[in-house]
Amino acid sequence: MKYTDLSIQTQREAPNNARTQGFAFLVRAGYVMRENQPTTLGEYALKHLEKLSAALGDSFFSTLAIPVISNEEETYFPLKTGALEVIHCPACGYVARGEFALFAKSASPVEEALPAEKVATPECNTIEDLANFLGIPKEKTAKALLFTRQSDGKLVFVVVRGDMQLSEAKLKKQVGTVKLAYFDEIEAAGAVPGYASPIGLKDALIIVDDLIPNSPNLVAGANEIGYHLKNVNYGRDYSAEIVTDLVQAEEGNACVNCEQPLSAVSADLLDSKGVYHFDKILHALAESHYDDKGLTLPHSAALFDVYLMHVPGKTLDTKSVAAKLYESLQKAGIAVLFDDRDERAGVKFNDADLIGPPVRVTVGERGLQNGMVELKLRSASQNSLISLTSLTGLTGQAEFWSLVDNLDL
Ligand SMILES: [Zn+2]
């Protein structure tokens, strides 16, 4: 492809909305606009990634050298601007979306069930207030959360330990779509808002976190304004229709597989059940491969193998030589971006570094007088001279890369 046909627009400066280097270089190299819509060049890059994904299958991300974390269903790329929060175990590689992540829960110490006891707890509307007022840790309290199920209007009474947060996503997976219950819906089931207890409810679906049956003598609501019950025990005082994992995993919790501490990480979703998000993959590719001058795309992922350019000559027509070389490289199956502009060498060198093909070939007057062109790897600081005929005589990609690999660069 030709630079002018693609209407590539590179930028000297990073856009001021760029929060990451990779995104800044995608904009500066002209793959995407600053609002993240792909340009013509970007559209080609996305199509190229799509083709690679089909050809490479399971080795797609490793071939692109993108450091992903993945489970059986989804692949994530850790990035501070990522749209998802995932829970990741650096020790064993376990990863899941934050709202569905599992962790190893530690059961409370075994205690004999004590007799339930009503205590006055004035103005204790939150777990925090309640624990402070009674001088107990939050894990000795039961937190009640009340919802109404959308499908049948049933009150859903959720109990989790007071030191944990409910994952609404896990709840929804168990009972369907819910919304926070209104005052009158709570009262209709026989509960008192703010002091709700699962004991003695009528016509409510009770669902408790699986840690609750192993947490003896908790403080729970008494269904009476201003009062709580001490020593509430699951099984003796109430039971639930569903006992399952309902709480949110957090940074520092123990990994469900190896018990090492979990990390909470922002990430982009690259693949979900075989559906690839190529815009995110292009972004991840850029974040994984750049230096201070621009993108350094690996040969396996680059849209173009070669950035071909000419330096306008005084006596020789370098442009038409470059154009002929362009034709023969294309014929040999090598993907070439031909910078056909009559710009100064420095401008083109900068663009080659920004856009990032792994090889740059320069047709200049001085080399051409001896039948030579300059070849430079994007990753190298020095270039080397190579005969024009060794490039025009190529018959395929493999031959090109073995020629490049054998150069002393
Ligand atoms: Zn682990």
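Let me begin with a definition: a disulfide is a pair of cysteine sulfur atoms within 2.5 Å. By this rule the count is 0 disulfides. The structure is a predicted model, in which local features need pLDDT of at least 70, side-chain atom pairs count only at pLDDT 80 or more, and totals for chains, interfaces and linings use all residues. Residues are numbered from 1 along each chain as its sequence is written, and side-chain values use heavy atoms, with hydrogens and water left out.

For accessibility, buried means under 20% relative accessible area, exposed means over 50%, and partly exposed lies in between (1.4 Å probe, protein chains only). Cys-124 is buried, at 4% relative accessibility, whereas Cys-92, at 38%, is partly exposed.

I turn to the charged pairs. Side chains of opposite charge can pair when their charged atoms come close. A salt bridge here is a side-chain nitrogen of Lys or Arg within 4 Å of a carboxyl oxygen of Asp or Glu. How many salt bridges does this rule give? The count comes to 20.

One of them joins Asp-245 and Lys-105, with an N to O distance of 2.7 Å. Asp-245 sits in the loop between β12 (242-244) and β13 (263-272), and Lys-105 in the loop between β4 (95-97) and β5 (117-120), so this pair ties together parts that are 140 residues apart in sequence. Helices (H or I, at least four residues) and strands (E, at least two) are DSSP runs, numbered from the N terminus. Asp-245 is buried, with 16% relative accessible area, while Lys-105 is partly exposed at 23%. Both residues belong to a network of salt bridges that also links Lys-170, Asp-209 and Asp-210.

A further salt bridge connects Lys-140 with Glu-111 at 3.0 Å, N to O. Lys-140 lies in the loop between α4 (127-134) and β6 (142-149) and Glu-111 in the loop between β4 and β5, so parts 29 residues apart in sequence are tied together. Glu-111 is partly exposed, at 37%.

Arg-378 and Asp-353 also form a salt bridge, their closest N and O atoms being 3.7 Å apart. Arg-378 is in the loop between β18 (372-377) and β19 (383-387) and Asp-353 in helix α9 (residues 345-355), so the pair ties together parts 25 residues apart in sequence. Both of these residues are buried.

Next, the sheet. Two strands pair if DSSP finds at least two bridges between them. An open sheet of 5 strands has the order β8-β6-β7-β9-β12, with mixed pairing. Its edge strands are β8 (178-180) and β12, each pairing on one side only. Within this sheet, β6 and β7 (residues 155-161) pair in the antiparallel sense over 7 bridges, and Ala-142 has Arg-161 in β7 as its bridge partner.

Finally, consider His-289, in the loop between α7 (278-288) and β15 (306-310). Is His-289 buried or exposed? His-289 is buried, with a relative accessible area of 10%. Contact means heavy atoms within 4.5 Å. Not counting residues up to four places away in sequence, His-289 touches Leu-64, Ala-65, Leu-295, Thr-296, Leu-297 and Pro-298. The backbone oxygen of Leu-64 lies 2.9 Å from a polar atom of the His-289 side chain.

Key: Polar contact = N/O pair within 3.5 Å; in protein donor to acceptor, adjacent residues only side chain to side chain.
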